[in-house]
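Take a look at the chain shown below.

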Amino acid sequence: MRPVEIDDEFVTCPHAAYARLRGQGPVHRAVAPDGSHVWLVTRYDDVRAALADPRLSLDKAHATGGYRGLPLPPALDANLLNMDAPEHTRLRRIVARAFTAHRTELLRPRVQEIADELLDAVAGREQAELMSAFAGPLPITVICELLGVDARDRPDFRAWTDETLAPSTPDRARDSLRSLYAFLVDLIARKRAEPGADMLSTLVGLRDDAGSLTEDELTSTAFLVLFAGYENTVNLIGNGLAALLARPAQLAAVRSDRELLSSTVEELLRFDPPPQLAIRRFPKEDLEIGGVRIPAGDTVLLSLVSAHHDPARFPSPGELLPDRADNAHLAFGHGPHFCIGAPLARMEAEIAFSTVLARFPGLSLAVDPAELRWRPSFRNRGLRELPVRLS
């Protein structure tokens, strides 16, 4: 059978593309835009099982099927997204000691304050572009405060991050990555000299006092917290606001009953998840998924957005239902690699949506939903801009 071409339809209309694939079968041989051959898993039960299957490795050492990924220096590559047990278990326990629920909850007043300040800056205007004015600045400011990045360094920090995530040219992406790496090395040195109450200072202390993680693991963890905590939360806020504003009935329901806010965040994570795909995996041995044999070393991509719209698991999956019950979405993963920053992302999203909706009762899209432009990635779903009318 001819491999599926992962083309522009997976960016502009992913639900239609994946619905067609789900109807044809659970697993497909596919060709990614970079020319690499992958296996694409599309149905909920198979995706959920694969997320927790220890035979599917995150370690690139098991990739023998022509995998192409973002080339990172060793000091940024020794992170949880490239590890299996027991190394993953060890490092996750260490990071969990710095990324506690208590520390996350302590951030709540500050997250609210940041959200209020950002919206103060656009109040009084007739229109605004919320990706640059709100959805982007909120998560990067929170992550910078979590890591202990000084306010004067944050504009560069955000620019390097944005260029690495959505590069204008390969050379600029490499330059930004080098700048970001040099900055993190310098930041860690500063935390050693003058530790604070931030998460990075805690990790530096664990590294220096207990020797429980290597220097590369320390730098890579800071890098991962930055990227995972920034990009996915930006897109959760942007995608969520766009989805609600395009559906007046659902928007009105959330406005009239703030008790729906928590379940609305979960439904938005299901409906239009920022990570369209889970992190790539490599079989350590020949195995079967959905009755399809996959050779060891090949690249396996688990489609979260397709799983979330599988009618065998979610009734009326194409509808956005703020009060949806039994919403076992996979946006934060499943099993041992479940996202350790999920509580922070949920808190930021709840504060973002509640603050925007309370501040601007007449908020509406300034363009037709079909005119919204998406970033050119089939891996991560995010808007270029979100133009709105504020009143």
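Helices here are DSSP runs of at least four residues, numbered from the N terminus. The model is a predicted one.

Ser-316 has a positive phi, although Ser-316 is not a glycine. For Asp-326, phi is positive as well, again in a residue other than glycine. The table lists the angles.

| Residue | Phi |
|---|---|
| Ser-316 | near 50 degrees |
| Asp-326 | near 55 degrees |

Are these residues buried or exposed? Exposed means over 50% relative accessible area, and buried means under 20%. Asp-326 has 56%, so Asp-326 is exposed. Ser-316 has 40% relative accessibility and therefore counts as partly exposed.

**A cis peptide bond**

Another backbone detail lies in a loop. Pro-86 is placed between helix H4 (74-77) and helix H5 (87-98). The peptide bond that joins Ala-85 and Pro-86 is cis. Its omega is about 5 degrees.

**Two helices side by side**

Two packed helices are described by the angle between their axes and the distance between the axes. Helix H9 covers residues 137-147, and helix H13 covers residues 215-245. Their axes come within 8 Å. They cross at roughly 155 degrees. Angles over 145 degrees count as roughly antiparallel. H9 and H13 are therefore roughly antiparallel to each other. Their crossing is right-handed.

Which residues of H9 and H13 meet? From H9 come Leu-138, Pro-139, Ile-140, Ile-143, Leu-146 and Leu-147. From H13 come Ala-222, Val-225, Leu-226, Gly-229, Tyr-230, Thr-233, Val-234 and Ile-237. By class, this contact has twelve nonpolar and two polar residues.

**Asn-239 in H13**

Stay with helix H13, where Asn-239 is found. Asn-239 has 3% relative accessibility, so Asn-239 counts as buried. What does Asn-239 contact, leaving aside its neighbours within four places in sequence? The partners are Asp-272, Pro-273, Pro-274, Trp-374, Arg-381, Gly-382 and Leu-383. With Arg-381 there is a polar detail: a polar atom of the Asn-239 side chain lies 3.0 Å from the backbone oxygen of Arg-381.

Technical notes: Residues are numbered from 1 along each chain as its sequence is written. This is a predicted model: local features need pLDDT of at least 70, side-chain atom pairs count only at pLDDT 80 or more; totals for chains, interfaces and linings use all residues. Side-chain values use heavy atoms; hydrogens and water are left out. Axes are lines fitted to C-alpha atoms, for helices over the stretch in contact, and angles run from 0 to 180 degrees between N-to-C directions. Helices (H or I, at least four residues) and strands (E, at least two) are DSSP runs, numbered from the N terminus. Angles under 35 degrees count as roughly parallel, over 145 as roughly antiparallel, 65 to 115 as roughly perpendicular and the rest as oblique. A crossing is left-handed if the near helix is turned anticlockwise from the far one by less than a right angle, and right-handed if clockwise. Contact means heavy atoms within 4.5 Å. Ala, Val, Leu, Ile, Met, Phe, Trp, Tyr, Cys and Pro count as nonpolar, Asp, Glu, Lys and Arg as charged, and the others, Gly among them, as polar. Buried means under 20% relative accessible area, exposed over 50%, partly exposed in between (1.4 Å probe, protein chains only). A polar contact is a pair of N or O atoms within 3.5 Å; within protein, one must be able to donate a hydrogen and the other to accept it, and residues adjacent in sequence count only if both atoms are side-chain atoms.
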